[in-house]
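Opened a new model today and wanted to jot down what I looked up. Notes below, in the order I went.

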Amino acid sequence: MRSETLSISGHDFHVVVAGDPDKPAILMLHGFPEYSGAFFDLIPHLERDFFCIAPDQRGYGQSWRPSDVSDYKLGKLASDAATIVEHYGSGRVAAVLGHDWGASVAYHLAVSGWVLIDRLIIANGVHPIPFQRALAGGGAQSKASQYINWLRAPGSEDMLAADDHARMMGIFSKHMDMSWMTDQKRAAYRAAWGNADQIRSMVHWYRASTLKVADPGVPLSEEDLPNLPLDALRVFMPHLLLWGENDTALLPECHAGLEDLCEDLTRISIPDADHWLLHQKPAEVARHVRAFLTPH
């Protein structure tokens, strides 16, 4: 793996690349509270056959961290990703692989048509329409997602940074299998998170989002929800959804009905894995990715 710096609109973005640039490219988009290191366990299983591109997204790691919430609107995040595709893939990649928040950027990039993406891969991430439906329902997903409102509240970054990131690590590990988290990886994550000022930019992703979370048992009405037009958010390319079955942050209801939004969807469930399946089952994830991207 090689670290590179890419300038996007005059701002530095840190990108980790691996493999032969002449091989089919995969853009890998991490979520919260990770950084490009989200893919460090997976890349060794794919770099022989693919050119892997894993940026620190805006607000994370060694990349640009603007201070305004408005700088983290989804269109701007997807624009960063499109620029990275233009730079490394001449405007085309074999696939975009998105995990967690990275899935939101991947979906936006896939439906925008800004660059050419042959195939879309999502690992424990969500399409906005079924996710908003689940968040608004007042049921299990609403209850599981109350942390979103906590993160959006003023000062959450201070609490996340306190006591050597104890609260951040607690969010990371709550009800999850963290046996993959070595001392070396834990140190790398803490270095990537930085202080409260740096963490603020990560939390701004939540503050900029238009998605709304209902209180448990108190569903939101349609009038309260953001406009998410089905036609504009339909996925036409072949789409693979990989799902760690034991995820307690994102529940099955958050991707229920995804078939109605996709022309060609393949679902693969991965037992004995949860939200952090990229770390827990990298060889298995890579096998499914390779099968999905290799012509038969």
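**Before starting.** I am working from a predicted model, so I keep that in mind throughout.

**Entry 1: α6 against α7.** I began with helix α6, residues 156–173, and helix α7, residues 183–193. Their axes are 11 Å apart and the packing angle is about 110°. That falls in the 65 to 115 degree range, so I put α6 down as roughly perpendicular to α7. The crossing of this pair is right-handed. From α6 I listed Asp164, His165, Met168, Met169 and Phe172, which meet Arg186, Tyr189, Arg190 and Trp193 of α7. By residue class, I get five nonpolar, one polar and three charged in the contact of α6 with α7.

**Entry 2: α6 against α8.** Next I turned to helix α8, residues 196–208, whose axis comes within 8 Å of that of α6. The two cross at roughly 120°, and α6 and α8 are therefore oblique to each other. I noted a right-handed crossing for α6 and α8. On the α6 side, the contact uses Ser156, Glu157, Asp158, Leu160, Ala161, His165 and Met168. On the α8 side I found Ala196, Ile199, Arg200, Met202, Val203 and Arg207. The residues of the contact of α6 with α8 split into seven nonpolar, two polar and four charged. His165 and Met168 turn up in the α7 list and in the α8 list.

**Entry 3: the cores.** Which residues have the most contacts inside the largest nonpolar core? I get Leu27, Ile53, Val96, Leu120 and Phe172, in a core of 75 residues. Phe172 I had already met in the contact of α6 with α7. I then followed Ile53 and left out its neighbours within four places in sequence. That gave me contacts with Val15, Val16, Val17, Ala25, Ile26, Leu27, Met28, Ile84 and Tyr88. There is also a second, separate core of 26 residues, and Leu46, Phe50, Cys52 and Leu278 are among them.

**Entry 4: Tyr88.** Beyond four places in sequence, Tyr88 touches Glu4, Leu6, Val15, Val17, Phe51 and Ile53. I also took the C-alpha separation of Tyr88 and Ile117, which is 13 Å for 29 residues along the chain.

**Entry 5: α3.** Helix α3, residues 128–136, is mostly covered, with seven of its nine residues buried. I wrote those down as Ile129, Pro130, Phe131, Gln132, Ala134, Leu135 and Ala136. They pack against α4, residues 140–144. After α3 comes Gly138, and I read its phi as positive, near 80°.

**Entry 6: two loop residues.** Is His275 buried or exposed? His275 is in the loop between β8 (265–270) and α9 (277–280), and its 3% relative accessibility makes it buried. Outside four places in sequence, I find His275 in contact with His99, Asp100, Asn124, Met176, Asp247 and Leu250. Ser9 is in the loop between β1 (2–8) and β2 (11–18), and it counts as exposed at 70% relative accessibility. Last one for today: the C-alpha atoms of Ser9 and Glu284 are 37 Å apart, with 275 residues along the chain between the two positions.

Technical notes:
Residues are numbered from 1 along each chain as its sequence is written. This is a predicted model: local features need pLDDT of at least 70, side-chain atom pairs count only at pLDDT 80 or more; totals for chains, interfaces and linings use all residues. Side-chain values use heavy atoms; hydrogens and water are left out. Axes are lines fitted to C-alpha atoms, for helices over the stretch in contact, and angles run from 0 to 180 degrees between N-to-C directions. Helices (H or I, at least four residues) and strands (E, at least two) are DSSP runs, numbered from the N terminus. Angles under 35 degrees count as roughly parallel, over 145 as roughly antiparallel, 65 to 115 as roughly perpendicular and the rest as oblique. A crossing is left-handed if the near helix is turned anticlockwise from the far one by less than a right angle, and right-handed if clockwise. Contact means heavy atoms within 4.5 Å. Ala, Val, Leu, Ile, Met, Phe, Trp, Tyr, Cys and Pro count as nonpolar, Asp, Glu, Lys and Arg as charged, and the others, Gly among them, as polar. A nonpolar core is a set of buried Ala, Val, Leu, Ile, Met, Phe, Trp, Tyr and Cys residues joined through side-chain atoms within 4.5 Å. Buried means under 20% relative accessible area, exposed over 50%, partly exposed in between (1.4 Å probe, protein chains only).
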